[in-house]
Amino acid sequence: ERLAELDGATADTVQISTMGGPIRIKEAPEGAQLHTMGGDIRVAEAERFVKATTMGGDIFLDSVDGWIDATTYGGDIQAAVSGQGGDVTLVSMSGDITLHVPPGFGMDLELEIGFTRNSSQQYRIETDFGLKQSVTPEWDHDHGTPRKYIRSTGTARGGGSRVKIETINGNIKVISGK
C-alpha cells in the first residue's frame, strides 16, 4: 500500500505501511513515515521527521531531531526530541503520553486530556514549566460518551516549536532535560 505523499519525504525516507504487526526502525536519517493497523511502532533514531500512526499499539520514538506527528487509537506514546527538534503533535485515543525535550527547547504548548464520566477522572498534566491548568465545568456531549477536559496552554523558554498533545483517559507528561 502506497502511503500518502508527504511534504519533505525523499527517496531515502523510510516508508512502511502494514496491515498488522510491530514496526521497528533503528535509524531514519531522512525521516520516517510509518503506519500499521495494529502493533507497536518503535524508532530508535530519526532526523528531519517522524510521522507514525497505529490503530492499536504503543509508539516509542527514542530520539527525533525534527518534527513529530504520532497518533495511536489505543496505546501510549513516549517520544523524545533531540537536537533542534521541530513541531510536535502527539495524539492518543486512550493512553498516557510522555514527551522528553532537550534543554533550551522553546515551545508553545497546547495540552489536553479528555476524560469520560465512567473513568477514574484522576488524570494529570505534568510539566516543568509552571503552566496553569483548567478543567471544563460542564460535560461535553458532542463526542458520544460525555467528557470533560483538562487543558494547559502556554509558552516555555520563550516559545518556538508548537507542541500539541491530546489524549483521552490518560496522563500527559512533558519532561525537560537538564
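Contact here means heavy atoms within 4.5 Å. The close-ups below come from a predicted model, in which local features need pLDDT of at least 70 and side-chain atom pairs count only at pLDDT 80 or more, while totals for chains, interfaces and linings use all residues. Residues are numbered from 1 along each chain as its sequence is written, and side-chain values use heavy atoms, with hydrogens and water left out.

**View 1. L90 and its contacts.** Setting aside neighbours within four places in sequence, L90 is in contact with I68, A70, I77, A79, I97, L99, K164, I165 and E166. Have a look at the pair L90 and I68: 22 residues separate them in sequence, and their C-alpha atoms lie 7.7 Å apart.

**View 2. I68 in strand β5.** This residue sits in β5, residues 59–72; strands (E, at least two residues) and helices (H or I, at least four) are DSSP runs, numbered from the N terminus. I68 is buried, at a relative accessible area of 1% (buried is under 20%, exposed over 50%, partly exposed in between, with a 1.4 Å probe and protein chains only). Beyond four places in sequence, the contacts of I68 include V50, L61, A79, V81 and L90. The largest nonpolar core has 40 residues, and those touching the most other members are L61, I68, L90, L99, L109 and I165. Such a core is a set of buried Ala, Val, Leu, Ile, Met, Phe, Trp, Tyr and Cys residues joined through side-chain atoms within 4.5 Å.

**View 3. Strand β13 and its parallel partners.** Two strands pair if DSSP finds at least two bridges between them. Strand β7 (residues 88–92) runs parallel to β13 (residues 161–168), joined by 4 bridges; here V91 has E166 as its bridge partner.

**View 4. The salt bridge of E166 and K164.** A salt bridge puts a side-chain nitrogen of Lys or Arg within 4 Å of a carboxyl oxygen of Asp or Glu. For E166 and K164, the closest N and O atoms are 3.4 Å apart. Salt bridges with shared partners join E110, R162, K164 and E166 into one network. E166 is partly exposed at 26% relative accessible area, and K164 is partly exposed at 23%.

**View 5. The salt bridge of D62 and R42.** The closest N and O atoms of this pair are 3.1 Å apart. D62 lies in strand β5 and R42 in strand β4 (residues 41–54), so the pair links distant parts of the chain, 20 residues apart.
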